[in-house]
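Subject: Handover of a structure, with notes on what was found

Dear colleague,

Please find below the structure that I am handing over to you. My notes on it follow directly after.

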Amino acid sequence: MSLLTHLLACLFGMGSWVSINGLWVELPLVVPQIPEAWFLPSYLSVLIQMANVGPLFVTLMHRFRPGALNEAAVIYAIVGLGTAASFLLAFFWRETAVVAGAPRSVALLVLTFFLATVDCTSSVTFLPFMMRLKPQYLTTYYIGEGLSGLLPALVALVQGAGVVHCVNSTGSLNHTRNSSESSATFDLRAEYQPANFSVEVFFFFLSAMMLVCLVAFLLLNYHPSVARQRPSGRSANGVKQKCARERKRAEQKPMMDPYRPASRRPRSSFGTGSYSWTQVFYIFVVLAWTNALTNVVLPSVQSYSCLPYGNSAYHLSATMAAVANPLACFIAMFFPIRSLVLMGALTLLGSAAGAYIMSMAALSPCPLLVHQTSGAAVIVLAWVLFVLALSYVKVIIGLILRDEGHGALVWCGAVVQLGSLLGAVTMFPVVSVYSFFSSGDPCNTRWLSTWQRLAAKDADNSNDAAEGA
């Protein structure tokens, strides 16, 4: 296997979600300077789901006009659009326009919609393109997809985005009936630290990453050493590979499995027919479930589950979870197990860790072991286990559907976006509309809890004194 091809497949995968992931980690520096403030994450969630019009169009074309859509041309278009949108964000993200009598960040929201369309559409175009390479490179692609979340997070960490320092602030509270007698209380106030470099530089970095993805895709199509890594050794040019009639036949007729006896009847009409319809349904349900949890449901409550344990626990859980994603893909490169039983077991394990995380978020700002080091260690471990198990499940499903053919990978991307959509529809009203979760203060959780105990004790003493009188 070519090391160059592995590198290009990884760089290609990094361009899948790097723009939106980068925008999320940059929010602590963006929101103080725009009129939407912290309502922006809610707007972003809606825009990302609206951007599913891209994968919907590709999936419908695949279903009703198989072979009519030039896959390579679509990838060139969306990666080019993502590069341009990221570049323009560096210049216009703070620009506002008056809409309905109030200033709005129109340029930021419009460009974010373009970036979301690019990233959502990559789910139904990048994966099917990997059918042109040997199966081993699909795992490398997933490693790159995991790095699309880790790399922007590391750059934002170097930048100092979201780094909070607790600063002492002194206040005066009156505890007696005599206004002249008061006692001082010491409180901790969270302050975001200044960034080491500007938001504009960070957006230029995202644009450069999309440009790297575009160059990697060009080389995957035209580099001679990559052509030797194709299953049939044919040229990579998406236009010259097949005529339109052959592409249509490839879409309508599943790939033949050389290891399956000719006399064996297919168990279903999906892909090669290696799996029954019940197993196909099971695979896609697990795929939608894991993507709903990892892409939307649990990330939307990460701050609620971690901040009560302190700012260090929050940053450590976010960083380690981002590392766990490519690590799971790296493990799958050496252990590419296609077991449906293992897939189910890992899904249950990851879901159990996710249930613990969700429970701690619901109990915020006073979850279990909130004032103990073991509590922070357990929540970080839960996040790592959750991401590690479900990321490996997604690789298993990708390998299974890759064996089933090009059309199976298109449906794989569509189900990924469907799962994310269902997760967003579920969590948006719970988090943003009904405010079911209460945020913990990384600086004052312990102090507020202590003050509440002292206040309760003081109230009890006053009541006892009143009864005695």
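Predicted model: local features only at pLDDT ≥ 70, side-chain atom pairs only at ≥ 80, totals over all residues.

Helix contacts

Two helix pairs are described here. Helix α2 (residues 18-25) and helix α7 (residues 106-122) have axes that come within 8 Å of each other and cross at roughly 135°. An angle over 145 degrees would count as roughly antiparallel, and 65 to 115 as roughly perpendicular; α2 and α7 are therefore oblique to each other. On the α2 side the contact is formed by Val18, Ser19, Ile20 and Leu23, and on the α7 side by Thr112, Leu115, Ala116 and Asp119. Sorted by class, the residues of this contact of α2 with α7 are five nonpolar, two polar and one charged.

The other pair is helix α9 (residues 136-159) and helix α17 (residues 373-404), whose axes come within 10 Å and cross at roughly 145°. The crossing of α9 and α17 is right-handed. Helix α9 contributes Leu138, Thr139 and Tyr142 to the contact, while α17 contributes Lys394, Val395, Gly398, Leu399 and Arg402. The contact of α9 with α17 is made up of four nonpolar, two polar and two charged residues.

Nonpolar cores

The largest nonpolar core has 86 residues, of which Phe12, Met130, Phe203 and Leu401 touch the most other members. The greatest contribution to this core comes from helix α10 (residues 199-222), with 12 residues. A second, separate core holds 26 residues, including Leu298, Tyr304, Ala376 and Phe437.

For leucine 401, the contacts beyond its neighbours within four places in sequence are with Phe270, Ile283, Phe284, Ala408, Leu409 and Cys412.

Two individual residues

Serine 276 lies in the loop between α12 (244-252) and α13 (277-297). Its relative accessibility is 18%, and because buried means under 20%, serine 276 counts as buried. Apart from neighbours within four places in sequence, serine 276 is in contact with Arg267 and Ser268.

Alanine 352, by contrast, is located in helix α16 (residues 340-363). With 47% relative accessibility, alanine 352 counts as partly exposed. Alanine 352 and leucine 385 are separated by 33 residues in sequence, and their C-alpha atoms are 9.6 Å apart in space.

With kind regards

Note on methods:
Residues numbered from 1 in each chain as written. Heavy atoms only, no water. Axes fitted to C-alpha atoms, helices over the stretch in contact; angles between N-to-C directions. Helix = DSSP H or I, 4+ residues; strand = E, 2+ residues; numbered from the N terminus. Parallel < 35°, antiparallel > 145°, perpendicular 65-115°, else oblique. Contact = heavy atoms within 4.5 Å. Nonpolar A, V, L, I, M, F, W, Y, C, P; charged D, E, K, R; others polar. Left-handed = near helix turned anticlockwise from the far one by under 90°. Core = buried A, V, L, I, M, F, W, Y, C linked by side-chain atoms within 4.5 Å. Buried < 20%, exposed > 50% of the residue type's maximum accessible area, 1.4 Å probe, protein only.
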